[in-house]
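User: Hi! I would like to learn how to read a few features of a protein model. Could you walk me through them?

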Amino acid sequence: MAELAELVGVLKAAGEGTRLRLLALLAGGDHSVKDLTEILDQSQPRVSRHLKLLADAGLVQRNAEGAWAYYGLAQDGEAGAVAQWLVGRVDHTDPERVRDCERQAEVRAAQQAQAAHYFAKVAGSWDLLKTLHVPEDAVESAVLGGFQGGPVELLLDLGTGTGRMLQLLADRYKRGIGVDSSREMLSVARARLGSAGVTHAQVRLGDMAELDPALGPADAIVIHQVLHYFDDPGRMLMGARELLKPGGQMVIVDFAPHELEFLRTEHAHRRLGLSQAQMSGWAASAGLQVQTVREFPSDNGDRGLTVCLWRLCA
Ligand SMILES: C[S@@+](CC[C@H](N)C(=O)[O-])C[C@H]1O[C@@H](n2cnc3c(N)ncnc32)[C@H](O)[C@@H]1O
């Protein structure tokens, strides 16, 4: 129960047109201030002021990441409950809301296009590029360890890239499907899987933000070094969860929080790593339990990155 004054503060913060629009937008996934400025077509100081009021009231959560800050709808507490209740009552056919959703989709599409452009450029050299960051061997053996037991019927590799996970886990599934939005990555993946003799895996063009339900239900899902390319990894997790069977396993590998801003400016990253608290929150919202977490510190000094592996189950 909240004190009266506190509740009035929460209601005052939410009781304004732009702020209500912001809550409804953030219910659809995390965004940076820059995105929200573009979507609402209002000045950055104005949007930041609204977001500060919402954050001070506990209606939204703010996560600072390097030079950017991301906002998401609060999941906990009295204010979180108010935020959830309010967005559940917004009429999605309201013309202003329809326009906001259209702009939100445009902003996301532009970001995806940027990432796709980057991956089209690096597809041929990706396997070399990725070993520059991380203790690859240790991470790969932990991924293998994350999928124990006999081969599962169906494994999905979301953001498959060059198909490395499908190749690594080839004896852990009877049928494997890799999904990626980059044609260039997929053509490298097809060639690699073909020459490795992995004939029980296929790769397909697809967008993680709009996964085809016909891909599931899967016994296991792997998402290796993909979530940091999205503003709202929680939304991607929710989409992936819908393809997982009850009791199914998911392994996520990504970076721990870091401050290497150049990965954003030069390598299309959006999130500067994912924290344990963020992952627990996103997993819980998606109906997944975090079973184990392992960390792999970099072997590359202060330019290095720590890699995390989360094992989740549905
Ligand atoms: C860093 S690579 C990782 C590839 C692979 N999982 C691995 O670890 O080798 C990220 C991959 O995510 C893919 N990707 C980015 N945005 C995507 C989206 N919206 N839908 C599907 N794949 C996406 C990229 O094309 C790229 O192949």
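Predicted model: local features only at pLDDT ≥ 70, side-chain atom pairs only at ≥ 80, totals over all residues.

User: Which residues does His 267 touch, not counting residues up to four places away in sequence?

Analyst: Residues are numbered from 1 along each chain as its sequence is written, and side-chain values use heavy atoms, with hydrogens and water left out. Contact means heavy atoms within 4.5 Å. With sequence neighbours up to four places away set aside, His 267 touches Tyr 118, Tyr 229 and Phe 262.

User: Is His 267 buried or exposed?

Analyst: Buried means under 20% relative accessible area, exposed over 50%, and partly exposed in between (1.4 Å probe, protein chains only). His 267 has a relative accessible area of 17%, so it counts as buried. His 267 belongs to helix α12 (residues 262-267); helices (H or I, at least four residues) and strands (E, at least two) are DSSP runs, numbered from the N terminus.

User: How should I read strand β5, and which strands pair with it?

Analyst: Two strands pair if DSSP finds at least two bridges between them. Strand β5 (residues 173-180) has 6 of its 8 residues buried. On one count, β5 pairs with strand β4 (residues 152-158) in the parallel sense over 6 bridges, and Leu 158 stands opposite Val 179 in β5. Strand β6 (residues 201-205) also runs parallel to β5, joined to β5 by 5 bridges; here Asp 180 stands opposite Leu 205 in β6. From β5 the chain passes through helix α10 (residues 183-195) to β6 in a right-handed β-α-β crossover. Right-handed here means that, with the strands pointing away from the viewer, the path from the first strand over the helix to the second runs clockwise.

User: And how is the area between domain 1 and domain 2 described?

Analyst: The size of an interface is often given as the accessible area lost when the parts come together. Buried area here is that loss for two parts (1.4 Å probe), summed over both. About 980 Å² is buried between domain 1 and domain 2, with carbon and sulfur atoms giving 38%. Asp 30, Glu 65 and Trp 68 supply 49% of the area that domain 1 buries against domain 2, more than any other three residues.
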